Amino acid sequence: MLTFELVTYRYAGAARPSLQDVSLVIGSGEVVGLVGASEAGKTTLCLVAAGLAPRTVRGTLKGRILIDGTDVAPLTIHELAGQVGIAFANPATQLSGVAGTVYEEVAFGPMNLGFSRSEVIDRTEAALGALKISDLAEREPALLSGGQQQLVAMSGLLALRPAHLVLDEPTAQLDPAGTRLVAEALARLALDGASILVAEQKTDLLASICDRVVALDAGRVALDGPAFEVLGDARLAELGVAAPASVRLRSLAGAAGPGPEALAHLDGALAMEATA
Ligand SMILES: Nc1ncnc2c1ncn2[C@@H]1O[C@H](COP(=O)(O)OP(=O)(O)OP(=O)(O)O)[C@@H](O)[C@H]1O
Ligand SMILES: [Mg+2]
């Protein structure tokens, strides 16, 4: 469980806070989507949740962040890294820079955690397989495309099997196939009990994996509720967020006036498309 209690964050030198009185609970097994216009504070919330702000990005934090009920304030960045897995939009910054191959890169995390050799191998192969990048195992991470690097970084995260995850636009560089693999991997981690916070522009992805969605507006929580409610909320457009295709199509269909049966068909077709 990941808890934010009245979290306010002001970057050093900034005129006003980038997060204001944010309170959220992300339960075990829950995937919470984070949406909002550019500059709404999504990345800031991820940095604060991961403990990078204010530890490495300077600023002032008010309020509390708790992991499984324990205040994280006294923890070092390394202690926190063992508890919260993080992924950011630019995968190059996340790769270790020391691994010569993709295999070593993905194995790096579990090796550092001190797992046995066979456990490291199991976790590495499962994580590579989950994102269908086993064929990249012997490649050099630095020489991959942005999308491939994003899958490698996510694979490294999966190999850690974290109980708490904070992801800032983890599919920014991925095509629909890669996005779907990441979505499936996150859904599996949630089934295993992970608490997951995922900031994403791709609301179709959020519609397919989130229990709840939170919309930020100028650093404050503007909407917080079940994914289908928030993603179908008419205020989403005013908050600078594009609704998922299913919602946009339904409102188009609604204007043309088909019956409920046609809409049920449409939902079925979209669900098929989302999982195909
Ligand atoms: N290091 C920093 N120092 C000062 N202000 C910052 C810093 N980083 C971000 N901000 C400010 O904090 C606010 C929130 O930015 P943030 O990056 O969290 O938004 P975001 O919702 O992630 O936007 P985007 O969709 O563009 O990624 C913005 O007003 C931004 O200018
Ligand atoms: Mg951002």
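**Entry 1: helix H1**

I began with helix H1 and listed its buried residues: Lys42, Thr44, Leu45, Cys46, Leu47, Val48 and Ala49. I note at once that this is a predicted model. H1 runs over residues 42-49. The helix is mostly covered, with 7 of its 8 residues buried. I then looked past its end. Gly51 follows H1, and its phi is positive, near 80°.

**Entry 2: the sheet of four strands**

Next I looked for what H1 rests on. I found an open sheet of 4 strands in the order E2-E1-E4-E5, with antiparallel pairing. Strand E2 (19-26) and strand E5 (70-71) are at the edges; each has a single partner strand, so one side of each lacks a neighbour in the sheet. H1 packs on this sheet and touches E1, E2 and strand E4 (59-67). The direction of H1 makes about 115° with that of E1.

I checked one pairing in detail. E1 and E2 pair in the antiparallel sense over 5 bridges. Within this pairing, Leu2 stands opposite Ile26 in E2.

**Entry 3: Thr8**

I picked Thr8 from strand E1, which spans residues 2-11. Is Thr8 buried or exposed? Its relative accessible area is 9%, and the cut-off for buried is under 20%. Thr8 therefore counts as buried. I then asked which residues Thr8 touches beyond those up to four places away in sequence. They are Pro17, Leu19, Gln20, Asp21, Thr60, Leu61 and Lys62.

**Entry 4: ligand 1**

I went to ligand 1 and wrote down the residues around it. They are Tyr11, Ser18, Ala37, Ser38, Glu39, Ala40, Gly41, Lys42, Thr43, Thr44, Glu169 and Gln201. Which helix gives the most to this shell? Helix H1 does, with 3 residues.

A side-chain N or O atom of Ser38 is 2.6 Å from an oxygen atom of ligand 1. For Thr43, a polar side-chain atom lies 2.8 Å from an oxygen atom of the ligand. Ala40 uses its backbone: an N or O atom there lies 3.2 Å from an oxygen atom of ligand 1. I also noted the cover. On its own the ligand has 640 Å² of accessible area, and the protein covers 64% of that.

**Entry 5: the sheet of six strands**

I turned to the other sheet. Here 6 strands form an open sheet in the order E6-E7-E8-E3-E9-E10, and the pairing is mixed. The edge strands are E6 (84-87) and E10 (220-226), each pairing on one side only. Neighbouring strands are turned by 15° against each other on average, direction ignored.

I looked at both ends of this order. At one end, E6 and strand E7 (residues 164-168) pair in the parallel sense over 4 bridges. Ala87 has Leu167 in E7 as its bridge partner. Two helices pack on the sheet here. Helix H6 (residues 146-160) touches E6 and E7, and its direction makes about 175° with that of E6. Helix H7 (residues 176-191) touches strand E3 (31-35), E7 and strand E8 (195-199). Its direction makes about 150° with that of E8.

At the other end, strand E9 (residues 212-217) and E10 pair in the antiparallel sense over 6 bridges. Val213 stands opposite Gly225 in E10. I checked the link between these two strands. They form a hairpin with 2 residues between them, and Ala218 in the turn has a positive phi of about 45°.

**Entry 6: helix H4**

I listed the buried residues of helix H4 (residues 102-112): Val102, Glu105, Val106, Ala107, Gly109 and Pro110. What covers them? The cover includes H5 and H6. After H4 comes Gly114, with a positive phi near 85°.

**Entry 7: Arg123**

My last stop was Arg123, in helix H5 (residues 117-130). This arginine counts as buried because its relative accessibility is 9%. Beyond neighbours within four places in sequence, Arg123 is in contact with Pro110, Phe115, Ala159, Leu160 and Arg161.

Where does its side chain reach? Another is the backbone oxygen of Leu160, at 3.3 Å. Arg123 and Arg161 are 38 residues apart in sequence and 8.5 Å apart in space, C-alpha to C-alpha.

Note on methods: Residues numbered from 1 in each chain as written. Chains lettered and ligands numbered in written order. Predicted model: local features only at pLDDT ≥ 70, side-chain atom pairs only at ≥ 80, totals over all residues. Heavy atoms only, no water. Pairing = 2+ DSSP bridges. Axes fitted to C-alpha atoms, helices over the stretch in contact; angles between N-to-C directions. Contact = heavy atoms within 4.5 Å. Buried < 20%, exposed > 50% of the residue type's maximum accessible area, 1.4 Å probe, protein only. Polar contact = N/O pair within 3.5 Å; in protein donor to acceptor, adjacent residues only side chain to side chain. Near = heavy atom within 4 Å. Areas by Shrake-Rupley, 256 points an atom, 1.4 Å probe, with all protein chains shown as cover.
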